[in-house]
Amino acid sequence: MAIVARWKEQDGAVYSGFIDEGKCHRLDPGLCTQDLLDMGLEATLEMASRTVRTDAGTALDEVTLMAPLEPRSMRDFVTFEEHVEGVRKSVDGAAGIMPEWYEAPTFYFTNPHTIGGTGETIGIPAGCEELDFELEVAAVIGAVPQSDGRNLDARMAHRHIFGYMVFNDWTARDLQRREMKVSLGPCKGKDFASTLGPWIVTADEFENLHDGDGFLPIQMKVTVNGEEIGRDLLSNMGWPFAELVAYASADSVVRPGDVLGSGTCGSGCLAELWGRNGAETPPPLKTGDVVEMSIEGIGAITNTVGERRTATTRVPARSRPRLRVRADM
């Protein structure tokens with residue numbers, strides 16, 4: 001096993017490397033997490049062993065952890081039946097689960113450029129009155145020799161999983177609700193922030209935990225201001241991660257540095273509870289709230305909710321005459 005991290009030291013310098021026994025061990029100058037992903041898991045484990053032996057290290061409590069990588073792309077799935085049931089009631093006002101959900105895993109692409117790490121403050125986007133969190137596990141893709149990442153079967157897809165992180169898919173529910181009535185999105189309801197961290201735990205640490213169908217029965221939990229809001233097992237996903245990676249690669253490609261989210265677990269967000277309770281109970285997040293997510297075997301991320309940005313961002317459509325030729329013709 002290796003724990004891959006990215007951090008800022010007290011002099012402001014940013015490094016990537018490995019965490020071992022409470023110390024951060026730097027990669028050689030010029031190398032970063034993406035280089036490890038391009039090398040693949042086996043080569044990374046060898047480098048981790050060598051780096052921990054040769055680098056004196058900096059104490060973990062003397063650095064500021066950052067998101068462990070800059071993703072090349074981010075796909076977020078929706079794989080927990082319980083979550084779909086509750087959120088559909090909250091967002092769409094509909095009961096039950098659409099039959100299409102069961103037919104194949106569904107995902108959307110989210111913004112890889114607004115990724116933050118544990119400890120960061122997450123501002124409320126302009127126009128949002130219903131800020132929410134989403135408790136997820138994220139898998140990151142690494143290279144596999146003789147594989148181009150295209151049209152993978154589940155066995156090969158499993159080999160491409162380099163490691164796992166905690167993932168908070170922050171959501172502006174009121175913005176999302178409006179956007180999805182257009183049958184597209186979400187866009188501004190999601191793209192303002194995501195948290196990944198606190199580090200990447202390499203996939204070999206979990207190999208003996210998979211059940212016979214490939215699921216990982218590890219505990220997931222989220223608290224707000226110290227009060228537990230939800231918990232679930234990752235094994236309640238409708239598809240194991242290997243099948244998600246394989247589906248993402250179908251008639252397409254997954255590359256080292258791509259991140260795939262599990263989707264929100266059961267009771268892992270406020271909107272699901274709003275749908276079940278018929279009211280906004282617990283209430284939307286507000287400035288000063290502290291959200292902590294923990295995943296067994298991976299770690300925990302903590303973020304504080306910041307101020308709401310004051311701005312008007314909606315631009316209404318203009319009614320157009322639908323001409324087919326210019327008026328002067």
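Colleague: Which residues do ring pairs link into a cluster?

Modeller: Keep in mind that this is a predicted model, where local features need pLDDT of at least 70, side-chain atom pairs count only at pLDDT 80 or more, and totals for chains, interfaces and linings use all residues. Residues are numbered from 1 along each chain as its sequence is written, and side-chain values use heavy atoms, with hydrogens and water left out. Rings of Phe, Tyr and Trp (its six-membered ring) pair if their centres lie within 6.5 Å, and planes under 30 degrees apart count as stacked, over 60 as edge-to-face and the rest as tilted. Pairs of that kind join up F77, F107 and F109.

Colleague: How many aromatic pairs does the structure hold, and what is the angle between the planes of W101 and Y102?

Modeller: The structure has six aromatic pairs. W101 and Y102 make an edge-to-face one, 4.9 Å centre to centre, with the planes at 85 degrees.

Colleague: Why is the pair of W101 and W239 edge-to-face?

Modeller: A pair of aromatic rings is described by the distance of the centres and the angle of the planes. The centres of W101 and W239 are 5.1 Å apart, and the pair is edge-to-face because the planes sit at 65 degrees.

Colleague: How many residues apart in sequence are the parts that the pair of W101 and W239 ties together?

Modeller: Helices (H or I, at least four residues) and strands (E, at least two) are DSSP runs, numbered from the N terminus. W101 is in the loop between α3 and β7, while W239 is in the loop between β16 (227-233) and α6 (241-249), so the parts tied together are apart in sequence by 138 residues.

Colleague: Is W101 buried or exposed?

Modeller: Buried means under 20% relative accessible area, exposed over 50%, and partly exposed in between (1.4 Å probe, protein chains only). W101 has 7% relative accessibility, so W101 counts as buried.

Colleague: How many of the nine residues of α6 are buried?

Modeller: Helix α6 is mostly covered. The buried count for α6 is seven.

Colleague: Which element gives the largest share of the lining of the largest pocket?

Modeller: On a 1 Å grid over the protein atoms alone, a pocket is an open set of points where a 1.4 Å probe fits, with protein on both sides within 12 Å along at least five of seven lines, and lining residues have an atom within 4 Å of a point. The largest pocket is lined by 26 residues, with V78, M98, T106, Q176 and M180 nearest its centre. Elements giving two or more residues to that lining are β6 (73-77), α3 (81-92), β7 (107-110) and α5 (173-180). The largest share, six residues, comes from α3.

Colleague: And which element gives the most to the lining of the second largest pocket?

Modeller: The second largest pocket has 20 lining residues, and A126, L175, E179, K188 and T313 lie nearest its centre. At least two residues each come from β9 (121-124) and α5. The most, three residues, comes from α5.

Colleague: Is R322 buried or exposed?

Modeller: R322 lies in the segment after β19 (299-308). With a relative accessible area of 72%, R322 is exposed.
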